[in-house]
Every structure is written in C-alpha cells, then in structure tokens.
Amino acid sequence: MLIYGAGGHAKVIISCFNANGEFVKAIFDDDLSKTELSEIAVAGNYDPELFHDEPLIIAIGNNKIRRTIAQKIWHQFGIAVHPTAIADKSAVIGEGTVVLQGSILQADTVIGRHVIINTRVIVEHECKIADFVHLAPGVTLCGNVNIGENTLIGAGSIVVPNISIGSNCLIAAGSVITHNIPDGAIVRGNPGRIIKVKENSIIENKIWLSSPHQSGSEMKYILEAFDTNWLAPIGPNIDLFEKELGTYTNCDHVAALSSGTAALHLALIMLDVKRDDIVLCQSLTFAASANPITYLGAKPVFIDSEINTWNICPDALEEALKYYTRKGKKPKAVIGVHLYGIPCQLEEILYLCQKYEIPFVEDAAEALGSTYKGKKLGSWGDMGVLSFNGNKVITTSGGGALLSNNESFITKARFLATQARDNAAHYEHSQIGYNYRLSNVCAGIGRGQLEVIEKRVKQRRANFEFYKERLQNLPGLSFQNELPESFSNRWLTAMSIDPSLSDGVNREQIRIHLQQQNIESRPVWKPMHMQPVFKNTPYFGGRMAENIFENGLCLPSGSNLSTQDLSRICDSIEAGFNKS
Ligand SMILES: *Cc1c(COP(=O)(O)O)cnc(C)c1O
C-alpha cells in the first residue's frame with residue numbers, strides 16, 4: 001500500500017492498514033520538509049515509478065485537495081476498510097475510499113470514489129454518497145440519504161431519512177439536517193439552517209472537449225530516452241513506435257512525423273502533386289486536411305458530405321471526377337476524412353478512385369482505432385495519415401504518422417522528413433527537404449499511449465452510448481451514424497439538432513448554455529468551401545455539409561470523463577432544451 005499525504009489523517013490510515021496486516025511501502029508528500037510519519041520515512045514527491053503496482057490512498061482530509069490530486073495522477077487506487085468497521089456485503093465502495101474504525105455501512109449503500117468514512121460513522125440502508133465526500137467522526141446518516149460530490153459533513157451531525165444534500169456543501173459539526181440542502185450551502189444548527197450558499201461552488205470544474213489522458217507508462221519511455229541520451233529526432237522510441245503502430249493498424253510501413261499536417265504534406269509530395277494540379281478534398285473537415293494542397297501550389301476542389309457518416313459524398317465525388325476527367329485535368333489525389341472517427345463510405349470511394357485511377361489519401365487523423373470491415377482505418381488508402389495532437393484519441397503531445405503498404409512511399413517520406421540528406425559524409429542535397437520527424441522523447445509518450453488504445457476506444461464509445469441513451473429522445477436531436485461493417489472510435493460524439501423538429505431550440509443555444517455551466521462543446525468543423533481563405537474555390541455537391549455545420553455540435557468526449565461528468569452534461573443539455 002502507498003499513501004499520498006503525510007499529515008494526521010495519514011496516521012489513521014496507516015493504523016487501518018496495519019490492523020488489516022497490510023504494510024505501507026511508501027508515503028509521498030509535496031512538502032519535502034516532512035521526513036517521517038508513524039516511524040515510516042516520507043519519500044518526498046509522488047513518483048509514479050516507485051512501487052507502481054501498489055495501490056495508493058490519498059490521505060488528505062480536505063475534499064478539494066484530495067480531488068485535485070486524484071485528478072492529477074494516474075494510479076491504481078486502493079480501498080481501506082478497518083476490520084472493526086462493518087460493511088454489509090451489498091454495500092458498494094469506490095476506489096480510493098476509506099472506512100475507518102467502528103463505522104457501519106448498511107444494506108445497499110453506494111459509496112463513491114475517494115470518500116472518507118471517518119471513525120464511528122453510521123451509513124444506513126440505501127444511502128448514496130458521491131465522490132470526494134468526507135463524513136467526519138460520529139456522523140449518522142439515516143436511510144436513503146443522498147450526498148453530492150465534495151460535501152463535508154461535520155462531526156456528530158445527523159441526517160434524517162430520505163434527505164438529499166447537494167454537492168460542495170459544508171455541514172457544521174453537530175447539525176441535524178431535516179430538509180433537503182442545495183448545492184454549495186453552508187449549514188449549521190438543529191434544525192440545520194442555511195447560513196450562506198457559496199456562489200462559486202455552483203461553477204463546477206471545467207469539462208473539456210477532449211483532454212489528454214495519461215496511461216501512466218509514458219514516463220518509463222521518456223526516462224529511457226533521457227537515460228540513453230536519445231533526446232533527438234532519431235532513437236529507439238521512434239523505431240519501436242513505428243513498429244507498434246504498424247502492428248496495430250496492420251500496415252507494413254509507418255513513418256512517425258512531427259504532425260498529421262506534415263504527414264498529409266508528404267503524402268501529396270509522394271503523389272507528385274505540383275503547382276496548378278487539382279486535388280479533391282472533403283469540404284467538411286479541419287483545415288489541416290486541405291492546407292497542404294496549397295503548400296504545393298496545387299488547387300483544392302471541395303466535395304460535399306453525405307447524411308449518414310457526414311463524410312465525403314460518393315455522388316458529389318463522382319460528379320467532380322467526371323468533370324475534371326472530361327476537361328483533361330485529371331485530379332492528382334482524393335483526400336477523404338473519417339470525421340470524428342466515423343469511417344467514410346470506403347467501399348464506394350475506393351471503387352471510384354480505382355475507376356478513375358486516382359490515388360486515395362486517407363485522413364485518419366481522428367480515427368485511430370476505428371475499423372471498416374474489421375480492418376483498421378489508415379490502412380485503406382494508398383497512404384493513411386494519423387495525428388497525435390493533444391486532443392486526439394492518443395497523443396504524443398504533438399505528432400503524426402504516415403502509413404502505407406507501399407514501402408517506397410514511406411522510405412522516401414522519411415528521407416524528405418529529415419532534410420533530404422543524400423548519402424555523403426558532408427551535407428549533400430539534390431532535393432528540397434523538410435524537418436518533419438517526430439522527436440524520440442515524444443515517441444516515448446506515444447508508446448505509453450498506444451499501450452492503452454483499446455481501453456481509450458472503449459471509453460470513448462461508452463461516452464457515446466451514454467449520450468445516446470440519455471438524449472436520443474429529445475426532439476430533433478440525432479447523432480452521426482456508424483454504417484454496417486463500420487466501427488468508430490467515437491473520438492468525439494457529434495450530434496445534430498434539426499431546428500424544424502426541436503420546438504425552436506438550436507445548436508448555438510445549447511452550446512452557449514453548456515458554456516455557462518463551464519462545459520466545453522464545439523460546433524462541427526466549418527466546411528472549407530465556406531472559409532474566407534478558400535473563397536472562390538470550386539465546390540461539388542449541395543448543402544449537406546453546410547447544414548451539418550449549422551446544426552452540428554461536438555460534445556465533451558474525453559476518455560477521462562467520469563459518469564458524473566456525463567450526467568452533468570446531459571442534465572445541462574436537457575435543461576437547455578427546456579429553457580427555450
Ligand atoms: C487533427 C487533424 C489533422 C492534423 O493533425 P495535426 O497533427 O494537428 O497536424 C488533420 N486532419 C484532421 C481531420 C484532423 O482532425
């Protein structure tokens with residue numbers, strides 16, 4: 001067992017461990033002046049490497065600090081129940097929670113994560129206690145009491161049956177609670193009276209659209225890079241990251257690069273795209289899909305989306321292919337995107353590319369872990385592009401990769417990405433090169449992240465299922481579709497609100513409502529043919545991409561969202577619908 005925090009509360013937890021015959025291997029504390037506690041040496045700052053496999057308990061009584069630490073570190077958390085405590089076998093206890101001497105958890109109680117059930121607390125049947133709550137010594141909760149996140153119930157307080165106490169509340173010692181208590185209330189006395197409702201407690205933690213999610217093993221590979229002094233754009237992490245990506249995507253050749261944008265740029269160079277060449281590109285996408293066309297002086301032509309996957313529309317694509325073929329200006333490439341992880345209609349698109357003999361560049365920047373007909377995205381096109389930007393399914397803190405089953409593409413891409421240095425002792429160049437290689441340190445992050453990709457895809461798909469379950473019956477609301485034989489990583493859950501069916505509710509109202517609740521959401525990508533920078537660029541199709549942009553919203557989708565976060569987001573969306 002490991003302990004984080006070397007104060008008074010830690011002493012109690014050490015005693016709890018000892019009573020269970022468990023041994024404390026290390027105590028961490030940010031205060032480096034602390035050297036010893038209960039005759040155990042304090043090891044200094046938290047170190048993910050030290051006893052990595054030992055479960056950890058955060059022994060800090062302050063709910064806010066305990067929460068901040070729990071959200072910052074990734075570690076397997078333990079549960080400590082003192083042998084003199086009695087927990088009914090139907091009681092559920094979350095990770096990081098401690099139940100101290102003499103406490104009783106009755107039938108069907110549900111205790112969240114990192115909760116402190118202090119000495120001699122009584123939790124009666126069917127009570128529900130959310131994460132990061134602290135019940136001080138001697139608290140009595142009668143049957144069927146609900147307590148929200150972060151709330152502190154002071155020593156000796158009593159809560160009568162069937163009461164709900166909100167989140168972020170502070171109940172003074174010795175209070176008797178006989179009425180429901182709203183979020184953020186400070187309460188004292190018998191019967192408990194609300195003295196004040198904290199303003200800022202209503203503003204809850206920010207929920208991000210998609211924030212980086214550490215696996216815990218990144219540091220191992222980063223430290224290897226430091227220990228071996230491979231702080232360079234070459235080294236073992238890069239070689240192994242490429243190999244591991246190849247194995248995962250079942251693609252023979254992979255070049256790890258400094259960004260997905262660099263990978264797209266190199267892909268177009270491989271296909272000999274030059275000044276004034278035509279490149280067809282999905283309009284509804286992030287600008288990085290299209291920008292590299294212009295780096296080469298070539299001319300982008302944008303293609304509409306279809307309604308199911310929101311990706312490149314086969315009909316509009318064929319129209320463009322026919323048009324340019326007839327004009328004798330055969331396009332040099334087609335760039336298709338798997339928006340938000342949803343596979344595009346690959347079969348139709350690849351059929352058209354073969355028919356017109358035009359290479360397909362697969363922008364799978366958002367789609368690592370998605371599959372089509374059981375085969376990973378990124379491996380279908382003549383070349384595939386991945387991104388490891390900070391908000392993607394996995395990250396290297398910034399990076400990308402080019403994939404292909406054609407070895408010569410990848411060998412050449414690596415050569416150009418390292419300044420196109422010819423084979424000579426001095427620096428000899430017969431071509432223009434680029435500095436596009438991934439650093440060996442960042443590749444280490446990628447290796448740690450790739451280890452858990454399947455877990456991350458599962459978590460993101462679970463987010464989508466949660467949203468679908470809760471929101472699908474709201475009027476006019478629909479989600480981006482996964483077609484048969486497609487499997488999406490659900491990088492972002494994207495929904496659309498049809499204002500003609502939603503009683504006047506529109507996308508922007510919901511986005512702003514979420515923002516006011518400190519929840520980040522984002523309109524769907526604005527199509528490239530609507531962007532000022534691509535004014536007067538040719539476009540094929542109708543108004544599908546424009547409609548999706550008008551009505552589409554991406555919801556928070558990080559693999560690190562908790563069930564509470566997801567509930568809060570859904571509550572807020574429902575409230576947004578009711579408000580209008
Ligand atoms: C993120 C992204 C890119 C660019 O990747 P970077 O690594 O950020 O350069 C390209 N295309 C799409 C669709 C993306 O979402």
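Here are legends for a few close-up views of this predicted model.

Residues are counted from 1 along each chain as its sequence is written. Local features need pLDDT of at least 70 and side-chain atom pairs count only at pLDDT 80 or more, while totals for chains, interfaces and linings use all residues, and side-chain values rest on heavy atoms, with hydrogens and water left out.

**View 1**
The protein splits into domain 1 (2-72), domain 2 (97-205), domain 3 (218-450) and domain 4 (454-579), with bounds from an automatic or database domain assignment. Between the C-alpha centres of domain 1 and domain 2 there are 24 Å.

**View 2**
The strands come in the order β2-β1-β5, and their pairing is parallel. At the edges sit β2 (26-28) and β5 (56-58), each pairing on one side only. Neighbouring strands here are turned by 20 degrees against each other on average, direction ignored. Strand β1 (residues 2-4) pairs with β5 over three bridges, and Tyr4 stands opposite Ile58 in β5. Helix α1 (residues 8-19) lies across β1, β2 and β5, at about 165 degrees to β1. Helices (H or I, at least four residues) and strands (E, at least two) are DSSP runs, numbered from the N terminus, and two strands pair if DSSP finds at least two bridges between them. Axes are lines fitted to C-alpha atoms, for helices over the stretch in contact, with angles from 0 to 180 degrees between N-to-C directions.

**View 3. An open sheet of five strands.**
This one runs β8-β11-β14-β17-β20, again with parallel pairing. Its edge strands are β8 (92-93) and β20 (164-165). Two bridges link β14 (residues 128-129) to β17 (residues 146-147), and here Ile129 stands opposite Ile147.

**View 4. The second largest pocket.**
Domain 1 and domain 3 both give residues to the lining, so the pocket lies between them. Of its 18 lining residues, Lys72, Gln214, Gly216, Glu218 and Met219 lie nearest its centre. A pocket is an open set of points on a 1 Å grid over the protein atoms alone, where a 1.4 Å probe fits, with protein on both sides within 12 Å along at least five of seven lines; lining residues have an atom within 4 Å of a point. Helix α3 (218-227) and helix α10 (440-450) each supply at least two lining residues, and α3 gives the most, with three.

Key
Contact means heavy atoms within 4.5 Å.
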